[in-house]
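Trainee: I would like to learn how to read a protein model. Could you walk me through some features?

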Amino acid sequence: MNDTYGHDAGDIVLCETARRLLSIVRTADVVARLGGDEFVVVFEPDLAGPEDLIRRINEALAVPVAINEGGVGGTITFLIILIALTMGVMFINAKRSHLD
C-alpha cells in the first residue's frame, strides 16, 4: 500500500479501518492496532458466540475506502482501496490462572 500509493494513503486506510472496527464493537470491547496493518479485537462473546462479530467485521471492511486524490481542471480523482483481511478467533478460558 505505502510503496504503491504513498504513506498518506496508507495512513488513511489504517485510520478508516480502525474507525470501522470501533463503530461495530461494544463499549466494553477493545480494538487495538498491533503494528503494520494488524488489528486485534478483544471481546467477551455473548450467547451467540463470535459469529455475529465476525459477520459485522466482514461487512464493515467489505466497503471500499475512497481517497480523494484531488484533481486538475475541475476534475476530482478518487483512489478506491479494497481492504483484504484474514481473521482468526482464539478462545481463552477465564477460569484458568495461567496460559500454557
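Mentor: Happy to; we will look at a pocket and then at some salt bridges. Please keep in mind that this model is predicted.

Trainee: Let's begin with the pocket. What volume does the largest pocket have?

Mentor: Its volume is about 1200 Å³.

Trainee: How many residues line the largest pocket, and which lie nearest its centre?

Mentor: The lining has 37 residues, and those nearest the centre are Phe 39, Val 40, Val 41, Thr 86 and Met 87.

Trainee: Which element gives the largest share of that lining?

Mentor: Helix H2 does, with 7 residues. Strand E2 (38-42) and helix H3 (51-62) also supply at least two residues each, as does H2 (7-24).

Trainee: How many lining residues of the largest pocket are nonpolar, polar or charged?

Mentor: You will find 25 nonpolar, 7 polar and 5 charged residues there.

Trainee: Which residue pairs with Asp 29 in a salt bridge?

Mentor: Its partner is Arg 26, and the closest N and O atoms are 3.0 Å apart.

Trainee: Where does Asp 29 lie, and is Asp 29 buried or exposed?

Mentor: Look in the loop between H2 and strand E1 (30-35). Asp 29 counts as buried because its relative accessibility is 12%, and buried means under 20%. Arg 26, at 38%, counts as partly exposed. Leaving aside residues up to four places away in sequence, Asp 29 touches Val 42, Phe 43 and Glu 44.

Trainee: Which residues are linked in a network of salt bridges?

Mentor: Asp 52, Arg 55, Arg 56 and Glu 59 are linked that way. Arg 56 meets Asp 52 at 3.0 Å, N to O, while Glu 59 forms a salt bridge with Arg 55, with the closest N and O atoms 3.0 Å apart.

Trainee: How many residues apart are Arg 56 and Asp 52 in helix H3?

Mentor: They are 4 residues apart, so about one helical turn separates them. Glu 59 and Arg 55 are also in helix H3, 4 residues apart, about one turn of the helix.

Trainee: And how accessible are Glu 59 and Arg 55?

Mentor: Glu 59 is partly exposed at 46% relative accessibility, and Arg 55 is partly exposed at 39%.

Notes: Residues numbered from 1 in each chain as written. Predicted model: local features only at pLDDT ≥ 70, side-chain atom pairs only at ≥ 80, totals over all residues. Heavy atoms only, no water. 1 Å grid on protein atoms, 1.4 Å probe; cavity = no way out; pocket = protein on both sides within 12 Å on 5 of 7 lines; lining within 4 Å. Points joined across faces, edges and corners; volume = space filled by probe spheres on them. Nonpolar A, V, L, I, M, F, W, Y, C, P; charged D, E, K, R; others polar. Buried < 20%, exposed > 50% of the residue type's maximum accessible area, 1.4 Å probe, protein only. Contact = heavy atoms within 4.5 Å. Salt bridge = Lys/Arg side-chain N within 4 Å of Asp/Glu carboxyl O.
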